[in-house]
4 protein chains.
Amino acid sequence: MAKEKLRVGLVGYGFMGRTHSNAFRSAGRFFDLDREIELVSVCGRDGDKAQAHADNWGFKRAETDWRRMIRRKDIDLVDIAAPNDMHKDIAIAAAKAGKMVMCEKPLGRTSKESEAMVKAVEAAGVPSMVWYNYRRIPAVTFAKQLIDAGKLGRVYHYRAKFLQDWTIAEDLPQGGAGLWRLDASVAGSGVTGDLLAHCIDTAMWLNGPITSVTALTETFVKERTHSLTGKVQPVTIDDASLFLARFANGSLANFEATRYARGHKAAYTFEINGEHASIAWDLHDLTRLAYFDHRDEGPERGWRSIHVTDGDHPYMGHWWVPGLSIGYEHSFIHQVADFVQGLSSGEAAAPTFADALKTDRVTDAVLKSGKNGRWVESGL
Amino acid sequence: MAKEKLRVGLVGYGFMGRTHSNAFRSAGRFFDLDREIELVSVCGRDGDKAQAHADNWGFKRAETDWRRMIRRKDIDLVDIAAPNDMHKDIAIAAAKAGKMVMCEKPLGRTSKESEAMVKAVEAAGVPSMVWYNYRRIPAVTFAKQLIDAGKLGRVYHYRAKFLQDWTIAEDLPQGGAGLWRLDASVAGSGVTGDLLAHCIDTAMWLNGPITSVTALTETFVKERTHSLTGKVQPVTIDDASLFLARFANGSLANFEATRYARGHKAAYTFEINGEHASIAWDLHDLTRLAYFDHRDEGPERGWRSIHVTDGDHPYMGHWWVPGLSIGYEHSFIHQVADFVQGLSSGEAAAPTFADALKTDRVTDAVLKSGKNGRWVESGL
Amino acid sequence: MAKEKLRVGLVGYGFMGRTHSNAFRSAGRFFDLDREIELVSVCGRDGDKAQAHADNWGFKRAETDWRRMIRRKDIDLVDIAAPNDMHKDIAIAAAKAGKMVMCEKPLGRTSKESEAMVKAVEAAGVPSMVWYNYRRIPAVTFAKQLIDAGKLGRVYHYRAKFLQDWTIAEDLPQGGAGLWRLDASVAGSGVTGDLLAHCIDTAMWLNGPITSVTALTETFVKERTHSLTGKVQPVTIDDASLFLARFANGSLANFEATRYARGHKAAYTFEINGEHASIAWDLHDLTRLAYFDHRDEGPERGWRSIHVTDGDHPYMGHWWVPGLSIGYEHSFIHQVADFVQGLSSGEAAAPTFADALKTDRVTDAVLKSGKNGRWVESGL
Amino acid sequence: MAKEKLRVGLVGYGFMGRTHSNAFRSAGRFFDLDREIELVSVCGRDGDKAQAHADNWGFKRAETDWRRMIRRKDIDLVDIAAPNDMHKDIAIAAAKAGKMVMCEKPLGRTSKESEAMVKAVEAAGVPSMVWYNYRRIPAVTFAKQLIDAGKLGRVYHYRAKFLQDWTIAEDLPQGGAGLWRLDASVAGSGVTGDLLAHCIDTAMWLNGPITSVTALTETFVKERTHSLTGKVQPVTIDDASLFLARFANGSLANFEATRYARGHKAAYTFEINGEHASIAWDLHDLTRLAYFDHRDEGPERGWRSIHVTDGDHPYMGHWWVPGLSIGYEHSFIHQVADFVQGLSSGEAAAPTFADALKTDRVTDAVLKSGKNGRWVESGL
């Protein structure tokens with residue numbers, strides 16, 4: 001008997017478009033899904049590029065008008081990999097058209113935008129999901145399992161950093177293709193929405209709501225040439241964003257993101273310290289989870305470096321054999337697999353739009369505190 | 001204009017069958033190849049399993065008689081992922097039928113088998129390649145580039161280990177599906193052909209021929225139940241194999257492989273020490289290359305941990321962005337890409353059957369020395 | 001010709017008393033000092049313990065009245081290793097008596113106390129020094145040399161943590177011998193003065209003044225039994241203290257200290273990110289300095305792990321041979337050697353009391369911000 | 001009541017003389033010993049240097065004739081830190097004079113020399129000990145405790161390396177002060193006796209006798225200028241020495257030492273793989289012990305990095321507080337403490353001369369096998 005199909009229409013063919021297309025294309029090869037994913041259409045401003053993307057990844061067609069794509073009957077799921085300023089309109093239109101919606105993070109440029117998007121999918125009753133992909137790196141998912149199993153006891157501390165160094169050069173232009181992340185009118189913010197959002201999503205998934213924050217934000221390079229206009233213009237984003245916070249469970253948070261940390265490419269790290277045990281992870285060595293358990297016999301206690309590649313580690317039974325690593329792209333494949341399994345089970349795979357809105361409430365509070373120098377409540 | 005096709009017939013649907021199918025299926029998505037890879041047929045003893053493999057990976061058909069598959073006109077390339085005792089016959093038949101041949105390592109069970117295979121492909125004038133995939137982990141390929149650039153100067157030492165621990169349990173059976181690697185009549189040898197062969201291939205690629213060896217081999221568990229017969233039978237493989245050796249360039253070698261190193265799943269490591277610089281790598285952290293350069297200013301010298309994920313690192317421009325890791329399976333994808341590019345350029349991608357035969361000459365010498373306790377020449 | 005003597009009177013025979021006595025006793029064996037250090041007197045509340053300390057370390061006598069000790073003519077240098085609440089009175093009395101003064105950190109319990117101490121040594125014109133020993137771990141001193149050599153360029157980020165886990169148990173008592181660090185009336189504060197003070201001293205030495213801070217402090221365990229009274233009393237110290245800050249040079253700071261980070265014993269770490277290079281260090285692996293230099297050739301760039309044990313590394317020419325580590329206690333020995341060499345050269349070895357006062361201004365600001373939730377200026 | 005004295009006469013004031021003097025001087029400060037160590041005399045060829053050593057470390061006198069020193073009544077213990085070619089004569093004379101004898105490793109230049117030394121101390125009934133100091137690095141001693149507690153089960157593999165790089169430069173001279181380790185007539189051999197001897201001592205202490213070996217030795221630089229004669233002479237030592245071996249318990253050994261491993265200063269590492277657990281250590285990070293225990297719950301298994309600084313780790317209760325490292329020199333202090341405690345308890349601290357002779361039997365076998373290319377029995 002033929003499987004039900006899940007027909008995908010993708011908006012965006014950039015870096016994230018590639019990770020999504022690869023994920024849709026591969027999920028069914030490694031996971032036993034009860035829907036068959038069909039790549040129907042890819043949509044983008046530049047028709048030639050959209051067609052090239054379609055050809056490469058096996059979409060049936062390319063198109064340039066996302067509003068038209070959304071109206072088509074041969075699309076079940078609209079997947080948004082376009083720049084942040086387009087998320088809201090596309091998502092709301094898709095929901096209104098009765099399509100399932102997946103959206104790159106952050107959900108909106110502000111929590112106000114995100115709220116509208118949540119309302120739309122809830123009003124339409126359509127499944128939604130946001131691509132906070134790092135939840136599904138096996139080592140990170142395993143951290144969640146350890147926490148859910150009660151290994152930590154009372155939690156005291158959570159700290160996360162996301163360090164990059166790609167914008168240090170003062171002659172790097174801003175704006176336009178590939179550089180819209182440096183333009184706050186498109187991106188919403190700088191590292192707060194781009195990098196901290198990932199850290200916050202993981203943190204609240206692992207450790208519950210962040211209730212209040214005090215932040216420090218900075219723009220190190222004040223002016224850059226705009227890649228489209230050629231003019232020197234003020235830089236509108238936060239180059240660095242740090243905040244201290246309290247979680248609802250009483251633990252303390254320390255977060256930092258920057259694109260000015262020389263020597264770090266994508267150094268997303270987190271650590272959580274509980275009464276009985278601690279856990280730490282580093283994206284640069286994503287296969288490993290560091291785990292310290294105080295219940296181990298005294299003199300033999302030490303931080304364990306767990307190589308998360310065994311068959312009984314999350315997702316790993318679907319890949320190769322113990323000791324053999326998977327990489328970054330697999331987190332997207334896992335997300336597609338979980339989304340599809342959520343459709344079948346009726347239990348929506350997280351993070352939904354509603355989950356992602358909470359992250360945006362925190363990033364909003366961070367940006368506000370960065371400006372007013374006060375503690376700001378997240379409302380969570 | 002449509003691309004020329006490369007029509008693949010695969011023999012074997014086990015672990016290696018999966019890595020090969022994934023590689024053939026993905027190479028064209030990430031590399032700009034001038035042939036279009038078509039998955040035509042998968043062949044295996046069990047028709048149902050072959051069909052399931054075909055369905056999952058998109059082969060047009062499944063079949064159970066490899067001799068028939070080889071005779072078909074719609075196959076350009078025969079890829080051998082069957083157990084080692086089938087390599088020779090399939091490869092020779094394929095070559096005689098004028099097909100290109102790719103073969104899992106080790107090439108033959110003995111260098112005698114391998115010689116026959118080399119003769120066959122050379123007589124037929126067909127391209128050949130052996131899946132010594134670790135050459136194409138980007139960090140390993142980068143090591144080769146550093147060496148070819150003369151960074152090391154005179155080489156003094158090369159050492160490699162491949163440590164696993166999956167056969168320690170005495171009640172693990174031997175033989176049959178999934179366990180043929182414990183049966184020397186099928187596998188040819190134990191860890192010598194399975195693990196050391198990888199180490200030797202990389203070593204001779206990086207550092208030239210190994211000329212003589214002295215070895216120590218051991219079978220720790222002397223008897224195991226055979227999974228097919230149910231009988232307790234002598235174990236015929238080497239559980240551990242260590243050897244010291246001389247390279248033609250005057251450097252000294254230290255190699256070790258075992259499946260009895262508790263705590264190690266697939267710990268393939270190598271290190272090479274030259275007059276000016278040293279290089280080290282570890283499969284468990286495959287993204288990193290360790291590099292020490294004595295020409296760095298004195299007090300600032302240190303082992304560099306190079307995260308091999310930048311766009312100017314080998315293969316990495318085809319994947320994501322700096323800092324984001326790829327994994328084990330990608331080495332197979334790179335191999336397919338290089339093989340196809342070799343067809344176009346006319347310069348065969350290594351290792352060819354002739355290259356792989358050299359590795360078998362060394363493993364033969366190791367096994368011989370392990371028995372007679374003497375230094376044995378490899379003939380290289 | 002006999003060397004001039006430096007006759008030492010030590011107050012305190014606890015953990016710090018031992019590190020100081022060992023340092024005074026060993027410095028002249030490894031460094032060519034032009035004064036001969038003589039251990040004259042150790043003073044403490046408990047006469048038997050003082051005597052035992054004197055016997056063990058070779059002090060000529062033990063005594064119990066520090067005021068009397070200070071008045072004696074056979075003492076040149078008063079070294080204070082008593083609990084924090086005694087620092088001020090002893091230091092001021094010693095200065096007034098014309099003695100040189102060395103004092104454990106933090107200088108005073110508050111910057112107000114520290115100010116009085118600075119005034120006293122400056123009025124008396126006596127040399128002073130505070131035992132911020134981590135400056136003289138060779139790897140840390142080497143970091144300073146790299147920074148002074150201009151390797152970093154413009155600095156963007158500085159972050160430091162000091163993580164411990166020894167007060168997690170709720171049944172740990174507070175107050176009294178060995179536990180006075182949990183009593184704010186004796187210690188001045190909790191982790192802010194005990195641990196953050198170290199981090200701040202190093203930071204301002206490496207990266208200049210911290211001008212403003214916003215902090216988050218917490219007392220996780222609200223009540224503990226007092227070890228002297230046996231009564232359950234409110235805990236008065238900060239168990240954890242985190243702050244964000246700005247340096248005068250425009251860089252951003254992230255600091256954290258806690259005694260509730262399971263798995264960490266004395267995990268003092270710092271990292272500094274500059275335009276051209278970054279540096280990181282970890283007390284748990286104190287022999288190594290991590291260094292990343294963007295000026296290295298592109299694909300070969302990586303974090304260098306510098307094993308700071310070569311003869312041309314700071315202090316190391318006085319110890320063993322390359323590759324052989326020294327430990328924690330050596331930082332105290334180096335401090336004594338530098339103090340004595342400063343006496344000879346006339347250039348006082350840092351940190352003087354005046355230097356240490358600056359650290360106390362920052363810790364005061366941190367504690368104030370932790371209470372009022374606002375950004376607080378340090379006055380530096 | 002005054003303690004009995006242990007009056008020390010030291011022969012040799014070089015690198016090892018310094019480590020021994022420091023150890024004798026410090027042991028009683030950190031360990032509660034029932035003998036008081038008195039530094040009586042230091043003896044060496046150069047009277048001025050001997051006097052300087054005496055002055056620095058507090059020996060009562062210096063002298064230049066070791067035969068005379070041995071005859072003196074105010075010496076209880078003769079400690080030999082002179083070059084290897086003097087070990088035998090001094091040790092035998094000291095034993096005959098009824099002195100206790102401690103001797104730097106290796107015991108003799110050959111096992112024949114060592115045998116004579118063993119006979120001498122046994123005939124005289126005097127305590128003896130050899131400075132295989134690495135046994136008393138706390139992490140190494142802790143490894144021994146784990147093994148003695150039966151954590152490993154049946155042992156399969158032991159491997160050790162000692163890598164240095166200080167003789168790569170071809171213009172480094174040989175022979176004479178500081179360079180006698182390059183002269184086989186003085187040293188006995190090259191890296192085999194200097195470095196491998198350490199590895200073998202630890203290995204047989206942890207894992208029992210090595211019974212047979214096959215070796216590969218090499219001299220990379222064939223001629224060097226002699227520092228005393230100024231003439232270019234053949235190099236007589238082994239620059240590199242590798243061997244495979246069998247232990248009496250059935251496990252396999254892999255050993256390697258070299259002074260041509262660029263990037264390594266004193267990289268002594270060992271690893272032991274047992275049925276249930278594995279242990280690894282690295283002198284460059286001597287505070288840590290790596291430990292993997294297969295009995296840990298499946299998915300949480302990982303190599304533990306044990307920071308061997310807790311009060312219940314070997315020797316560490318005598319030093320500072322958890323998390324604070326000690327270094328290389330402390331292994332010598334521990335050895336003195338254990339030697340003195342062995343005198344009191346009547347149970348001689350290992351390794352005695354008889355223990356060290358076993359190591360020399362193995363190094364002799366290695367050197368022989370390196371020449372004849374055969375497996376050689378150690379006789380153990």
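Across the interface of chain A and chain C, the rule finds four salt bridges; a salt bridge here is a side-chain nitrogen of Lys or Arg within 4 Å of a carboxyl oxygen of Asp or Glu. One of these joins Arg159(A) to Glu256(C), with the closest N and O atoms 2.9 Å apart. The rule also finds 26 residue pairs in polar contact across the interface of chain A and chain C, both residues at pLDDT 80 or more. By polar contact I mean a pair of N or O atoms within 3.5 Å; within protein, one must be able to donate a hydrogen and the other to accept it, and residues adjacent in sequence count only if both atoms are side-chain atoms.

Before going on, the ground rules. This is a predicted model, in which local features need pLDDT of at least 70 and side-chain atom pairs count only at pLDDT 80 or more, while totals for chains, interfaces and linings use all residues. Residues are numbered from 1 along each chain as its sequence is written, chains are lettered from A and ligands numbered from 1 in the order in which they are written, and side-chain values use heavy atoms, with hydrogens and water left out.

Back to A and C. The contact, meaning heavy atoms within 4.5 Å, takes 45 residues from chain A and 45 residues from chain C. The size of an interface is often given as the accessible area lost when the parts come together. For chain A and chain C the buried area is about 3,700 Å², with 55% of it on carbon and sulfur atoms; buried area is the accessible area (1.4 Å probe) that two parts lose on being put together, summed over both. Leu216(A), Phe220(A) and Arg262(A) supply 19% of the area that chain A buries against chain C, more than any other three residues.

Now the symmetry. Chain A is superposed on chain C by a rotation of 180° with 0.0 Å of shift along its axis, at RMSD 0.0 Å. That is the relation of a two-fold axis. The superposition is by least squares on the C-alpha atoms of residues with pLDDT of at least 70 in both copies. Arg374(A) is the residue of chain A that comes closest to this rotation axis, at 3.0 Å for its C-alpha. Both copies use the same surface, since 100% of the contact residues of chain A recur in chain C.

Next, chain A against chain D. Here the contact takes 17 residues from chain A and 17 residues from chain D. Together chain A and chain D bury about 1,300 Å², 44% of it on carbon and sulfur atoms. On the chain A side, Pro299(A), Glu300(A) and Arg304(A) lose the most area to chain D, together 46% of what that side buries.

How many salt bridges does the rule find across the interface of chain A and chain D? Six. Among them is the pair Lys151(D) and Glu297(A), at 3.8 Å from N to O. Helix 6 (138-148) and strand 16 (303-307) of chain A each supply at least two residues of the side that touches chain D. Strand 16 of chain A gives the largest share of that side, four residues. Helices (H or I, at least four residues) and strands (E, at least two) are DSSP runs, numbered from the N terminus.

A rotation of 180° with 0.0 Å of shift along its axis also superposes chain A on chain D, with RMSD 0.0 Å. For this axis, Arg304(A) comes closest of the residues of chain A, at 2.0 Å for its C-alpha. Of the interface residues of chain A, 100% are also interface residues in chain D, so the copies meet through the same surface.

Last, the fold, using chain B. Six strands form an open sheet in the order 3-2-1-4-5-6, with parallel pairing; two strands pair if DSSP finds at least two bridges between them. Strand 3 (61-63) and strand 6 (128-130) of chain B are the edge strands, each pairing on one side only. Strand 1 (residues 4-11) and strand 2 (residues 35-43) of chain B are joined by eight bridges, and Arg7(B) has Glu38(B) as its bridge partner in strand 2.

Elsewhere in chain B, strand 14 (residues 277-282) and strand 15 (residues 288-293) run antiparallel, joined by four bridges. A hairpin of five residues links strand 14 to strand 15 of chain B. Four bridges also join strand 15 to strand 16 (residues 303-307) of chain B, again antiparallel, with Leu289(B) opposite Ile306(B).
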